[in-house]
Structures are given as C-alpha cells and as structure tokens.
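Trainee: Please give me a close look at one part of this model. I would like to start from a single side chain and follow what surrounds it.

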Amino acid sequence: MNVKTWFADIEINEDGSVAECSPCTQDVQQLAERLLVFQKDPKQIPPACFDPVQNAIECGFAAGETEYYSLLQQTCIAATRLKIKNSYSPDLRIIHAVEALDDIDEAANLLAERLGIWYGEHFPEAGMLTENLAKFVAENGLRQDLQQDSQFHETARSSVGMEMDAEDGAIIKAFAADLTSLYERRHVIEAYIHKNMEQLAPNLDEVAGANLGARLISMAGGLQSLSRMPSSTIQVMGANQALFKHLRGKATSPKHGIIFNHPLIKNSHPKIRGKMARALASGLSIASRVDAFSGQLNPAIKEKLDRKVRSIKEGN
C-alpha cells in the first residue's frame, strides 16, 4: 500500500511495516508547500491505523518523537504563513479598492461641504460645488486674486461676500488643494477598478459595468461567493432594510437593491422595473459564474440579456 504523508512517500506491507520509504528533506518551506497540497486533496490523507510518528522515525526522517513534533510545528507555522501570503487574490484587490472609494467619498463629501460653506461666505456668486469648487479655489485662491481674463473677474468685483485677508486665502487655498488631491486619488482608484474588472470579471464588467460589478463583488465578499449566489439574492443585494421590513410583514418585497443604479432599471418605467431587475439579476448571475470558472468573455451573455430587455419593453 502506497501512503503519502507530509514528510515522505511510504510503501507499507500488509503487516503494517515499512517496505520502502522516500523521506523528504527537512527543509521547512518545502514541507509546508507539501502539507498545503495534502490539505487540498483529502484522498491523500493516510488511513486511521497509520502511525505517522513511528513511520517517520523508521524512514529516517526524524531521529525521535521530539524532533518529529518540532518539525511538524515549524511546518504548520510555515504553511499558515504561506496561506496568508497567497490569500491576496485579484478579487480582494477590487474589494479593497471599492472600500477605499467609499472612504474617500465619505471624507471628500465632508470636506467639500466645509469648503462650500467657507468659500461661499467669501464668494457666493461662484456657484460651484464639490470637485469644481475645490479646483477653482486651489488654482485661484480668493476672489481678489482672480486674473482679469477669468470669467468671474467682473462678478468678483461686485461680490457681496465677506472680505478675507492673505492669511485666510493661504489657508483656504491649501485646504482646497488637499481636497483636489483627494478627488484625483479617487479617479486613479476608479481607473484601477476598471482595469482589474476587465481582467478578472470581463463578463460582469460587460453586463453590469465596472463600478456596479466591482461593488457586487465587494458586497458578496469575492467573485467566487457572488457566483454561488442565486439571481434572486443578487437582485436584492443592498436592499437590506427593505427586505427586513418585508420579512416582518411591514412592507412589500423589494424589487431591486444596488442594481437599481444600472441604466436598464434606473431609466425604465416603474411598471417594468421589477421585470428588468429579474432579467438583469439573471444575467449578472450567469456572468459571475462564467467569470469565476473560466474568466473568458462570452458575448452571448450580454446578447441574451439585450433580447430579454427588448422583449420586456415590447410587452411580451
């Protein structure tokens, strides 16, 4: 009987004695890699009657029980380190990037609101918000610093806003520059998500778009997890509060969750949004499964969804 263990390949006689043994070296890193292979394949686990310690000693792998357990401990620690090191999968990159976008949006919204109030009291006629306002202030500073060729030069001269001195201008300009940098970082991360979605989940990217597809992967906890979800679950992902109200009998069943942001649903008449949501969720479910198990773009998925959408719009 041929038995494979984490420390050797052993041929055992019918009486349980070792007929032939090919022990591994005591290189902990190689042993850890071998151990991880066995963990993935339960068929290679030795029978219950097998005594690993005794066989390791007979094979010459270990001098005694103490050395065996010492090597086993080191190997398990090394194997755990390897598993942690290899756990950073491509879909984990997308999850972190999506969460980073959410953090940036939260911070940028707060800072943009503060800048809008602060600069608005000085130059309310500017009429800009968020990123546009941040860029404007970072480039121009106070209204009295505007160049004559600026479209706001004349408006600034007759502004009813409060006056600010040079010190105020330096502070608010630096504040706007920091906010602008935050928006620029957001654009970089968004481009990073688009690039990774094209590589990791081309079908999901094609059907949902990079932003929505990445958010679905993030909410599911990974592409593999998303691929195992039924389309009915994907349809209501993100509608937790509405779903809990429905389960308590206080509201009707939600028709859609985060997939509402898809143009197919968002731009549809309310009467057909439920059908659109089911069709889209079905397409997303198929797309995620193809991406998880093949990773190759299949245009037929999008074409089938387009036919279903036309059928819904025509009332069939």
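Mentor: Start with Cys 24. Cys 24 counts as partly exposed because its relative accessibility is 26%. On this scale, buried means under 20% relative accessible area, exposed means over 50%, and partly exposed is in between, with a 1.4 Å probe and protein chains only. This is a predicted model, where local features need pLDDT of at least 70 and side-chain atom pairs count only at pLDDT 80 or more, while totals for chains, interfaces and linings use all residues. Residues are numbered from 1 along each chain as its sequence is written, and side-chain values use heavy atoms, with hydrogens and water left out.

Now the other cysteines. The whole structure holds one disulfide, a term for a pair of cysteine sulfur atoms within 2.5 Å. Cys 21 and Cys 59 make that bond, with 2.1 Å between their sulfur atoms. The S-S torsion of Cys 21 and Cys 59 is about 115 degrees, so the disulfide is right-handed. It links distant parts of the chain: Cys 21 sits in strand 3 (residues 18-23) and Cys 59 in helix 2 (residues 52-59), 38 residues apart. Helices (H or I, at least four residues) and strands (E, at least two) are DSSP runs, numbered from the N terminus. Cys 21 is partly exposed at 22% relative accessible area, and Cys 59 is buried at 13%.

Cys 24 itself is in no disulfide; its nearest cysteine sulfur, that of Cys 21, is 8.7 Å away. Cys 76 counts as partly exposed, at 35% relative accessibility.

Next, the surrounding domain. The assignment gives domain 1 (1-85), domain 2 (88-191) and domain 3 (201-313); such bounds come from an automatic or database domain assignment. Salt bridges are the next thing to check. The structure holds nine of them, each a side-chain nitrogen of Lys or Arg within 4 Å of a carboxyl oxygen of Asp or Glu. One of them joins Arg 34 and Asp 9, at 2.5 Å from N to O. That pair also spans the chain: Arg 34 is in helix 1 (residues 28-40), Asp 9 in strand 2 (residues 8-12), and 25 residues separate them. Arg 34 is buried, at 19% relative accessible area. Asp 9 is partly exposed, at 26% relative accessibility.

Other bridges stay within one helix. Asp 306 and Lys 302 meet at 3.1 Å, N to O. They are four residues apart in helix 15 (residues 299-313), which means a separation of about one helical turn. Asp 306 is partly exposed, at 26% relative accessibility, and Lys 302 is partly exposed too, at 23%. Back at the other pair, salt bridges that share partners join Lys 4, Asp 9 and Arg 34 into one network.

Now move to domain 2 and domain 3. Their C-alpha centres lie 35 Å apart. Seven residues of domain 2 are in contact with nine of domain 3, contact being heavy atoms within 4.5 Å. The area buried between the two domains is about 630 Å², and carbon and sulfur atoms give 58% of it. In domain 2, Asp 91, Ile 95 and Val 98 lose the most area to domain 3, together 59% of what that side buries. Buried area is the accessible area (1.4 Å probe) that two parts lose on being put together, summed over both. One salt bridge crosses this interface. Asp 102 forms a salt bridge with Arg 215, with the closest N and O atoms 3.0 Å apart. Helix 4 (residues 90-122) gives the most to the domain 2 side that touches domain 3, with six residues.

Finish on helix 7. Glu 190 lies there. Glu 190 is in contact with Leu 101 and Asn 211, leaving aside neighbours within four places in sequence. Glu 190 also meets Arg 186 in a salt bridge, at 3.4 Å from N to O. The two are four residues apart in helix 7, so about one helical turn separates them. Arg 186 is buried, at 19% relative accessibility.
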